[in-house]
Each structure stands twice: as C-alpha cells, then as structure tokens.
Amino acid sequence: MKLDLSGKRVLVTASSSGIGKGVAMAFLKEGCKVIISARNKDKVNEVVKKLRESISPSVWGLEMDLSDQGSLAKAVDGAYELMGGIDILVINSGNPPTEPSFFNETEMNDWRYSVEMFLFAPIFLVKKFIPKMRENHYG
C-alpha cells in the first residue's frame with residue numbers, strides 16, 4: 001500500500017529489533033527519514049548501519065530509555081537537532097524486564113517502571129512533539 005509518506009520525518013521508539021525495527025523498515029521503504037531508538041546505543045548504531053546499507057541512507061539512531069525522563073528529553077532534543085522535529089511518532093516498547101510475572105509476584109518498583117514506560121513516556125513524547133506537528137498541520 002502506498003501512503004505517499006516520502007520525505008516525512010519519523011521517530012520509532014524501541015526500534016532496534018522486533019516489531020519496532022519492522023515498523024522503521026516499512027517507513028524507510030516508503031521514503032521516510034527515520035530515527036530509530038533503543039536503550040543500547042551500540043545496538044542502535046549497528047542497526048542504523050545495516051539499514052543504511054540495505055534500505056536507505058535516511059536513517060539515524062538515538063539512545064532512548066522509555067523509563068527515564070532525562071533520556072527521553074535528550075532524545076527529543078536529538079530528534080529536533082537531526083531533523084528539526086518529526087511528522088510521525090510511533091511509540092513502541094518492549095516488555096518490562098520482569099515479565100512475564102503474576103500480579104501478586106510483581107514488586108512495586110516493577111509497577112513504577114511499567115507506568116514510566118507505558119504511560120508517562122508516551123505522554124512526555126507527545127507533549128514535546130505535538131506543538132510542531134500542529135504547526136506543520138501533520139502528525
């Protein structure tokens with residue numbers, strides 16, 4: 001399916017492997033400029049290199065930990081530096097390190113980690129990118 005996304009600036013979180021990487025690859029094949037991200041900077045750099053060689057040179061990588069607001073802020077600044085903002089934000093995430101687990105076995109710190117990653121990170125990212133998206137009438 002062609003969506004006429006050529007040239008759009010995309011950030012895909014948690015995208016050095018799995019579904020996130022697949023989503024990033026699909027956007028690259030559509031002609032988008034893509035930023036991939038993950039907690040492991042070496043893994044991000046490795047995937048960026050492979051994607052540049054196999055699909056498109058229009059891919060960059062940022063280190064980003066969805067459970068750490070300081071890391072998110074740094075990545076947002078990086079996205080603005082690299083591309084002047086983004087047009088499409090895909091919030092993907094892996095599982096918390098203790099999954100799978102049963103409710104009564106889950107510690108409060110695990111719940112806090114999950115809330116940071118699954119709730120606060122998306123809110124933070126949307127709040128940081130939506131003003132420019134509105135200004136550009138896209139996003």
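Helices (H or I, at least four residues) and strands (E, at least two) are DSSP runs, numbered from the N terminus. This is a predicted model, in which local features need pLDDT of at least 70 and side-chain atom pairs count only at pLDDT 80 or more, while totals for chains, interfaces and linings use all residues. Residues are numbered from 1 along each chain as its sequence is written, and side-chain values use heavy atoms, with hydrogens and water left out.

**View 1. A14 sits in the loop between β1 (9-12) and α1 (18-29).** Start here for a backbone detail. Most residues other than glycine have a negative phi. A14 is not a glycine, yet its phi is positive, at about 45 degrees. With a relative accessible area of 23%, A14 is partly exposed (buried means under 20% relative accessible area, exposed over 50%, partly exposed in between, with a 1.4 Å probe and protein chains only).

**View 2. H137 lies in the segment after α4.** Here is another positive phi in a residue other than glycine: for H137 the value is near 55 degrees. H137 counts as exposed because its relative accessible area is 72%.

**View 3. Y80 and F129 form a stacked aromatic pair.** A search of the whole structure finds two aromatic pairs; this view shows the one between Y80 and F129, with 5.5 Å centre to centre and 25 degrees between the planes. Rings of Phe, Tyr and Trp (its six-membered ring) pair if their centres lie within 6.5 Å; planes under 30 degrees apart count as stacked, over 60 as edge-to-face and the rest as tilted. The pair links distant parts of the chain, as Y80 belongs to helix α3 (residues 69-83) and F129 to helix α4 (residues 108-136), 49 residues apart. The relative accessibility of Y80 is 26%, so Y80 counts as partly exposed. F129, in contrast, is buried, with a relative accessible area of 1%.

**View 4. W111 is a residue of helix α4.** Look around the side chain for its partners. Leaving aside neighbours within four places in sequence, W111 is in contact with F103 and T106 (contact means heavy atoms within 4.5 Å). W111 is partly exposed, at a relative accessible area of 34%.

**View 5. N45 is found in helix α2 (residues 41-54).** The C-alpha atom of N45 is separated by 8.3 Å from that of W60, 15 residues apart along the chain. N45 has a relative accessibility of 39% and therefore counts as partly exposed.

**View 6. Stepping back, the protein has four helices and four strands.** From the N terminus on, these elements run β-α-β-α-β-α-β-α. The C-alpha trace spans about 50 × 35 × 30 Å along its principal axes. Of the 139 residues, 38% count as buried. Among contacts with a separation of 6 or more, 68% come from residues 24 or more positions apart. The accessible surface comes to about 8,300 Å², and carbon and sulfur atoms hold 53% of that area (areas come from the Shrake-Rupley method with a 1.4 Å probe; for residues, only the protein chains shown count as cover).
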